[in-house]
Amino acid sequence: MKKIKVLFALLLTVVLAFSAYAPSAQAADKVKVTFWHAMNGPHAEELTRLVKAFNESQDKYEVEETSQGNYKALQQGVMAAAASGDLPTMTQLTASSFSGFKSEGLLAPLDEFLTADNGFTEELKKDIYPGFLKGVTVEDKIYALPFSKSVRLMFVNQDMLKQAGKEVPKTWAEVKELAAALKEKGVDKPALGLENGLSIEVETMARQNGATWVSDDLKTVDLTSDKAIEPIQFIKDMVKDGSARLAGEDKYMSGPFAAGGSAIYIGSSAGLPYVVKGVQESGINITTAPVPTFGQGKQMTLLAGNDLGVFEDASDEEKAGAVAFMSFLLKAENTATWASKTGYLPITKSGTNSEIWTNYVKENPLVKAASDELEYGFTDPIYEGSAKVFSDSELALENIVVNDADIKTEMKKIEDLIKGYLHL
């Protein structure tokens, strides 16, 4: 009897010990989803918080995030991992890496995993701004989900507008009128400041003017029609007569603008925190507004930023976990919080309508114009070679504006390059 009691006590000890470690065993059974990204500083801290919140919200998946430090290092790391056969489950994607990884066959189409079981309901799909989904869709298949997004935004020096006696420009014609008014008042500063890369502004203006540029079905390319060339000539003329300037050696125009270097500046809405910091130091008064309209007057803004994709090598369980995590990030409170902490914009309509975001906009009114632009944001269609086309377009436009190259000749080269990739 005494031996039985001893054995029972030992068995009870083993059972209690196993129970004590059961949560750890359960955690070990979770499907691991490895996630590489390029965030650093406060952005990385906020992303870590969201990863932790997701991991604690369910007991099926465990996301392990690793910062590669910056986008270049991330892309290099992915290519090295692809060569060694040791890719993570998912990664952060820029437009160029999306195109490159897709053409290499590294990215997995996600459609079969975009299910309610993985948190991606039909309601969520409809909630995402259409332009964001278009930017991750190739041949009717979704290869990524949007994450950190921005729009083009016009920053306005209210003090200089007051000097010129002008209102905030709504059209490019009014930008030109502002330039003339500043010169008349003896203000020896340009009306317009632009980044060194002009392709986003030129494409937006051309599309506003009625040019197709590259059609969504990839069957029409229009970079050399009068409607496409007119805005390029417009910018070239403004730079030539001193009404506009490029960032040049300053690299980014946000710094010169914040120091009072131009009346308006068109750049990424993600640059707003840098502009605000600069104007606080210089003491100038600014506001923000949607990008001006050109020609036919259609409001448009090109969406930019990064997405999240999953690698083909991942198991089905890992792919499902990655989609569950991305769906979690797209919840209204999460996308709104991420945007308010990072300077990006919410990905969903419910995110922009959330109390988190509406309160943030009230406290930070300079964000309102960017938030409003989401309704008419557009994204270029993705195709093999689109990253190369973008970089070559930047060089061609620099050659046109800075080196006085012939517009039609340079743009014909880009048009032919696109047609080559599209087999037109």
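Me: Which residues of helix H18 do Ser199, Ile200 and Val202 in H9 meet?

Reply: Contact here means heavy atoms within 4.5 Å, and helices (H or I, at least four residues) and strands (E, at least two) are DSSP runs numbered from the N terminus. In this case, Ser199, Ile200 and Val202 of H9 meet Phe390, Ser393, Glu394 and Leu397 of H18. The model is a predicted one, in which local features need pLDDT of at least 70 and side-chain atom pairs count only at pLDDT 80 or more, whereas totals for chains, interfaces and linings use all residues. Residues are numbered from 1 along each chain as its sequence is written, and side-chain values use heavy atoms, with hydrogens and water left out.

Me: At what angle do H9 and H18 pack, and how far apart are their axes?

Reply: Axes are lines fitted to C-alpha atoms, for helices over the stretch in contact, and angles run from 0 to 180 degrees between N-to-C directions. Angles under 35 degrees count as roughly parallel, over 145 as roughly antiparallel, 65 to 115 as roughly perpendicular and the rest as oblique. Helix H9 (residues 199-208) and helix H18 (residues 386-401) pack at about 90 degrees with axes 9 Å apart, and they are therefore roughly perpendicular to each other.

Me: At what angle do H14 and H16 pack?

Reply: The angle between H14 and H16 is about 25 degrees, and their axes are 8 Å apart, which makes H14 roughly parallel to H16. Glu333, Ala336, Thr337, Ala339 and Ser340 on the H14 side make this contact with Ile356, Trp357 and Tyr360 of H16.

Me: How many of the eleven residues of H14 are buried?

Reply: Buried means under 20% relative accessible area, exposed over 50% and partly exposed in between (1.4 Å probe, protein chains only). Helix H14 (residues 332-342) has eight of its eleven residues buried, so it is largely enclosed by the rest of the structure. Those buried residues are Asn334, Thr335, Ala336, Thr337, Trp338, Ala339, Ser340 and Thr342, and what covers them includes helix H2 (41-57), strand S6 (144-150), helix H13 (316-329), helix H15 (349-353) and helix H16 (355-363). After H14 comes glycine 343, whose phi is positive, near 95 degrees.

Me: Where is threonine 301 found, and is it buried or exposed?

Reply: Threonine 301 belongs to strand S14 (residues 301-302) and is buried, with a relative accessible area of 0%. Leaving aside neighbours within four places in sequence, threonine 301 is in contact with Val151, Arg152, Val291, Glu373, Tyr376, Gly377 and Phe378. Valine 151 is 150 residues away from threonine 301 in sequence, yet the two C-alpha atoms are 6.2 Å apart in space.

Me: What does methionine 154 touch, not counting residues up to four places away in sequence?

Reply: Methionine 154, in strand S7 (residues 152-157), is buried with a relative accessible area of 0%. With those sequence neighbours not counted, methionine 154 touches Val168, Pro169, Ile264, Tyr265, Ile266, Thr287, Thr288, Ala289, Pro290, Val291 and Pro292. By contrast, lysine 236 lies 82 residues from methionine 154 along the chain, and their C-alpha atoms are separated by 19 Å.

Me: How many helices and strands does the chain have, and what percentage of its 424 residues is buried?

Reply: The chain has 19 helices and 16 strands, and buried residues make up 51% of the 424 residues. Its C-alpha trace spans about 110 × 50 × 35 Å along the principal axes. Among contacts between residues at least 6 apart in sequence, 75% join residues at least 24 apart.
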